[in-house]
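Student: I have a model open on my screen and would like to learn how to read it. Could you take me through its features one by one?
Tutor: Gladly; let us look at it together.

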Amino acid sequence: MERGRCGPRQVLMDKLNEKAWRNDAAAKVTGRARFTDDIKLPGLLHAVPVYSSFVHARLLAVETEAAAKSRSVVCVITARDVPGSNRCGQIRKDIHVLADDKIRYHGDVAAVVVAGTRAQAIAAGRRIRVRAEPLPEIIDPEAALAPGAALVHEEYGTNLIHRHVIRKGDAARGFAESALVVDQEFCTPFVEHAYLEPEAALCLVRADGVVEVRGSMQHPYSTRRFVAEFLGLPLARVEIVGTPMGGGFGGKDDTAALVCARTALAALLTGRPVKMTYEREWSMRESYKRHPYRMRYRMGVGADGLIRAVQCRIVADGGAYCSTSPWVTWRSTVQCCGPYVVPHVDGEVLSVYTNHVFTGAMRGFGSPQVNFAVEQLVEMAAAAAGLSGVEFRRRNMVRQGSTTVTGQVLEGHAVSMSEVFERVLAESGYEDKLRRSSRGQGENDYYGVGLAMSYRGVSLGAEGTDVCAAVVSVQFDGSVLLEAGIHENGQGAESAMILLLAEELGVDRSRIVYRRPSTSAVPDSGTTVASRATIMGGGAVSRAAAAVRLQMAGAVAADLGCRPEEVRFAGGRLTAPGGRDVGFTEAAQRLYRDQKYPYALGVFPAPRVDWDESCGQGRAYFTWVYGCQAVELSVSRSTGRIRLLKAWAAHDVGRAVNRAMLLGQFYGGMAMGAGYGLFEEVAMTGGRLRSLNYDTYRIPRSTDMPEMTAIVLENRDPLSPSGAKSIGEPANELMAPAIANAYFHATGRRRCQLPIGGEK
Amino acid sequence: MKKADPSTAAGAPGFARGSTSAVLVRGYKPRASGEPKARPLTLVVNGRNLRIPAGDRRKDLLTFLREDLDLTGAKRGCGIGVCGACTVLADNKPVRACRTLVADVLGRSLTTIEGLAAPDGGLHPLQQAFVDCGAIQCGFCTPGMVLTAHAFLLKHPAPGRNEARRAISANLCRCTGYQQIIDAIMAAAPHYKIKE
């Protein structure tokens, strides 16, 4: 078991010895990397979306004549022009790609204008008139559930999108056995992903009749489905080609696919390549957000300081469309009690339609909200029980063999909750800092330290089919082509796959080229979300590599005087136990001459999970990761400004594949979590967004962040072929509650609503 | 705005003689004749002297760089001068290309990310430090971040970590949490002390 310590000083020292590496770094640092909007083609047309001024209205007409006659306009597209289905959605097909019957939120697209230049397309778009009859605006999710409330989607007969329940034991008995009960409501806001690159798509119809799509999206396969259904084409006639993407964080799934679908239709109708690049204002207006949650929690604790029961009712604002709401709220359900053993649980998590901007996947996927609640709740319960938060957590946290609130026994992997927790306590000097926390006393600025911890189910779990493919093809000269069904969102997924393959084949990484990914080349491997790229993609790469190794070993084993499975791959050579060896390239050539290929499709199906939706019980995820973060801060007595002083994070990642990129996930996740805790909130008036750009939606700047210490724990997971697990989301789900707890220790005031404050 | 035509390759008019940079020349297309003819003024971009036709001077610098010169390293992240993804250097001072008119930088010397590496493609030490320190994720903020850091290091070749942190405070990055970017600036600083 290898354990790493990586404070900032350590990182700088590491730099002298081990330089970071990623396959696309040189292209990105020189400006050579071509993002979607950077690509130019002969005859290119430009498309722009047109919105209406309505939030909820019955659509009467989209008047396009004046726009169609505007300078250089080639066509104006409305719902009437859609050759396939105008309805899209991953779970429920309730998204009207172009508004037809109603306007359901302020970001519904009524038309698309296609013109010779972008400026002219924008000018023409202003001449489109949307006539509609306003309907009552449904803004409050609780009111939306009341009998007789107006409906966002009349066809479903209710505004309820989905209701998950979780029933374990007998909550009434648990509360009866409790010596104390804490009861608290928590609220979280709409949050914007704020990827630096706004949505963009570039589409063309190739001579072979295939619609080729490039775009800024993190789910090539769902984009392909959306485009194909929208155009009425078979999947094989749509090809999504991987293109550098300027950040996603879960936000470039549904909306990004819709942008691609509309652009593809423009290309189909005009017969010319079409590009649609979003302004920041359009992106923020139209794209889905992280769900706001209203959470009512009760926790009962016995005289022994052990949690007896938790009851919770959580209502999530789903906005105008279903998107991934049922999946997001499912993760909230499974993780509703945090990483604690709770014998009796009674919870429900509802997602509700409103006329707000719709909500869906965002880094964390339903965990940042419940963590914000639970990690404060346990400290409140601890205080009520006369225990420190540290002691209370030690008594209640999950350990090896514990049973989760969904009845899953945590086994088959290292349950390292205690390990990450104790490491953060030690590295941060937590208990000493806690003693020095001001708790609202003293003359100077307030000072406090706080922490939060979590466990997290890895990958999709019982959400749905979870499988990933990769293709490894060794060329005649010993160079290697690799492609995997995961997407490079910026996190370094391709580099991680290359490093894993280099290790599996025992060759230098310089031999390996990651092929530009295409949905036509690798079977549907799902979406690059849920922190699943390394574990799922890495699993598929490991499987493919194992198959190729067997092929190559088979060709040379007889000569080496051993069995194929005994051949070792290392240092660019294939070596028998006795020491006889042959070069990697030569082995490949031997295979080619035998009329065989060193080529394999590797498939990694996630290990089985099971789920009973009627009571919210089951083996929800095949494995789990464990993390803990702490933060030290000061609060100005005069202005209330919160300043973060230092932060620590410990995560068990299974195995560090690419250390510098791993640390980047730590730091980036902590920063995004800090923004969530301190000031991020999409401001709205009714259903209209007031935060439409970075001047009205603040994300953390360098000066908002403190020095961060990353503590990497590596307990290889036997269920992951590469041993690696996940980090993207775990790193992002803890800083907000840690800040809330530190704020309490500093000021003596509990903040149960995000964002907590700081200067606006 | 005019679309770049890949066929107008090296040697296209609009550049002062002696232009050899393929990156620069590719895609540059001057105004067609018939546009208003004011006496062209010049702008130096990555060491190349460009004559700027009157019609182009009203353009915002970012559009001009991206669409007319095909220098797409500078990115459009917000269009209001807040995010810093469009940062380029004018006489080694950072400017927000999206909020700058071409006319405002006439007569000055611009450096874009494409002009930072050596002519043979070798990375500038600061670029190398970004690579080596893992300071790059999605890469969308990277060009603006590198140029902002470059301008800072030219003036402050021996910065403290906090100074480096403040130097990039007007450039947004959503991926990295800034820590490895600061690592990169600190790692590159000694080079500026010795050489620049």
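Tutor: A handy place to begin is how far apart the parts of a chain sit. This is a predicted model, and in it the C-alpha centres of domain 1 of chain A and domain 2 of chain A lie 36 Å apart.

Student: Which residue ranges make up the domains of chain A?
Tutor: A domain may be built from several stretches of sequence, and the assignment here shows that. Domain 1 takes 1-33 + 413-457 + 622-760, domain 2 takes 42-136 + 194-286, and domain 3 is 467-605.

Student: How many residues of domain 1 of chain A are in contact with domain 2 of chain A?
Tutor: Eleven residues of domain 1 of chain A meet ten residues of domain 2 of chain A. On the domain 1 side, five are nonpolar, four are polar and two are charged.

Student: Next, the two chains. How is the size of an interface often given?
Tutor: Often as the accessible area lost when the parts come together. Here we can count contacting residues instead: 52 residues of chain A are in contact with 49 residues of chain B.

Student: Which elements give two or more residues to the side of chain A that touches chain B?
Tutor: They are α1 (8-17), α2 (25-29) and α18 (659-678) of chain A. The largest share, nine residues, comes from α18(A). By class, this side of chain A has 27 nonpolar, 13 polar and twelve charged residues.

Student: How should I judge confidence in the model?
Tutor: Look at the whole, then at each chain. The model scores ipTM 0.95 and pTM 0.93. For chain B the mean pLDDT is 84, and 78% of its residues reach 70 or more.

Student: Where in chain B is the pLDDT below 50?
Tutor: Over residues 1-31 of chain B. In the model this stretch has 60 contacts beyond near neighbours in sequence, but please read them with that pLDDT in mind.

Student: What is the secondary structure of chain B?
Tutor: Count the elements, then read their order. Chain B has seven helices and five strands, and along the sequence they follow the pattern α-β-β-α-α-β-β-β-α-α-α-α. Of the 196 residues in chain B, 55% are buried. Among contacts in chain B with a separation of 6 or more, 61% join residues 24 or more positions apart.

Student: How do I read the pairing of individual strands?
Tutor: Check the direction, then find residues that face each other. Strand β1 (residues 41-45) and strand β2 (residues 48-52) of chain B run antiparallel and are joined by five bridges. Leu43(B) has Leu50(B) as its bridge partner, and Val45(B) stands opposite Arg48(B).

Student: In which sense do β1(B) and β5(B) pair?
Tutor: In the parallel sense, over two bridges, with β5 of chain B spanning residues 109-111. There Val44(B) has Ser109(B) as its bridge partner.

Student: Can we try a sheet in chain A?
Tutor: Of course. Four strands of chain A form an open sheet in the order β22-β21-β20-β26, with mixed pairing. Its edge strands are β22 (512-514) and β26 (599-605) of chain A. Strand β20 (residues 467-474) of chain A runs antiparallel to β26(A), and seven bridges join the two. One facing pair is Val472(A) and Ala600(A).

How values were computed:
Residues are numbered from 1 along each chain as its sequence is written. Chains are lettered from A and ligands numbered from 1 in the order in which they are written. This is a predicted model: local features need pLDDT of at least 70, side-chain atom pairs count only at pLDDT 80 or more; totals for chains, interfaces and linings use all residues. Domain bounds come from an automatic or database domain assignment. Two residues are in contact if their C-beta atoms, placed from the backbone, lie within 7 Å. Ala, Val, Leu, Ile, Met, Phe, Trp, Tyr, Cys and Pro count as nonpolar, Asp, Glu, Lys and Arg as charged, and the others, Gly among them, as polar. A residue is buried if 20 or more other C-beta atoms lie within 10 Å of its own, exposed if 12 or fewer, and partly exposed in between; C-beta atoms are placed from the backbone. Two strands pair if DSSP finds at least two bridges between them. pLDDT is the predictor's confidence in each residue, from 0 to 100.
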